[in-house]
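Take a look at the chain shown here. This report starts with the whole and then turns to single residues.

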Amino acid sequence: MKAIETTGNIDDLGMLCIDRPLAIVSHSHVRIIVLVPEDTDIDPDDDPTETVLEGLQQGFHEAITGQTLPLSQLWDGIDDN
């Protein structure tokens, strides 16, 4: 059995509507597994928008006030162990 991953939506009638056609040669009977996100599904790699904005604001403030290192100095001393 071959697996194809795609995305789609469930319409008002409960019908599955996929985002793009599947590359399947002929009419085939298929098995479908639907994964529905829950409110508790939180990706640990996704930072909240507020955190990202705070980081951008802090970085912008540091850049404007000269609290940054020149790029040429970022790797200075890294091999001193």
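**Confidence**

The model is predicted. Its mean pLDDT over the chain is 84. A value of 70 or more is reached by 94% of the residues. Strand S2 has the highest mean pLDDT among them, at 92. Helix H1, residues 49–64, has the lowest, at 88.

**Overall layout**

What elements does the chain hold? It has one helix and two strands. Their pattern along the sequence is β-β-α. The radius of gyration of the chain is 24 Å, well over the 12 Å that the globule rule gives for 81 residues, so the chain is more spread out than a compact globule. Along the principal axes, the C-alpha atoms fill a box of roughly 60 × 35 × 20 Å.

How much of the chain is buried? Of its 81 residues, 0% count as buried. The accessible surface of the chain is about 8500 Å². Carbon and sulfur atoms account for 55% of that surface.

**A nonpolar patch**

Part of the surface forms a nonpolar patch of about 850 Å². Its members are Ile4, Ile10, Leu16, Ile18, Leu22, Ile24, Val30, Ile32, Val34 and Val36. Three of these members are described next.

Begin with isoleucine 10. This residue sits in strand S1, which covers residues 8–10. Setting aside residues up to four places away in sequence, isoleucine 10 touches Met15 and Leu16. Leu16 is also a member of the patch.

Isoleucine 18 belongs to strand S2, which covers residues 16–18. Its relative accessibility is 37%, so isoleucine 18 counts as partly exposed.

**Cysteine 17**

Cysteine 17 lies in strand S2. With 36% relative accessibility, cysteine 17 counts as partly exposed. Which residues does cysteine 17 contact, leaving aside its neighbours within four places in sequence? They are Gly8, Asn9 and Asp11.

**Distances in sequence and in space**

The table sets separation along the chain beside C-alpha to C-alpha distance.

| Pair | Apart in sequence | C-alpha to C-alpha |
|---|---|---|
| Isoleucine 10 and valine 34 | 24 residues | 10.0 Å |
| Valine 34 and threonine 7 | 27 residues | 9.6 Å |
| Cysteine 17 and aspartate 39 | 22 residues | 22 Å |

From isoleucine 10 to valine 34, the C-alpha distance is 10.0 Å. Isoleucine 10 and valine 34 are both members of the nonpolar patch. For cysteine 17 and aspartate 39, the separation in space is 22 Å.

Terms used:
Residues are numbered from 1 along each chain as its sequence is written. This is a predicted model: local features need pLDDT of at least 70, side-chain atom pairs count only at pLDDT 80 or more; totals for chains, interfaces and linings use all residues. Side-chain values use heavy atoms; hydrogens and water are left out. Patches are made of residues with over 30% relative accessible area and no salt bridge: like charges are joined within 9 Å, nonpolar side chains (Val, Leu, Ile, Met, Phe, Trp, Tyr) within 5 Å. Accessible areas come from the Shrake-Rupley method with a 1.4 Å probe; for residues, only the protein chains shown count as cover. A salt bridge is a side-chain nitrogen of Lys or Arg within 4 Å of a carboxyl oxygen of Asp or Glu. Helices (H or I, at least four residues) and strands (E, at least two) are DSSP runs, numbered from the N terminus. Buried means under 20% relative accessible area, exposed over 50%, partly exposed in between (1.4 Å probe, protein chains only). pLDDT is the predictor's confidence in each residue, from 0 to 100. The radius of gyration is taken over C-alpha atoms; the globule rule is 2.2 Å times the number of residues to the power 0.38. Contact means heavy atoms within 4.5 Å.
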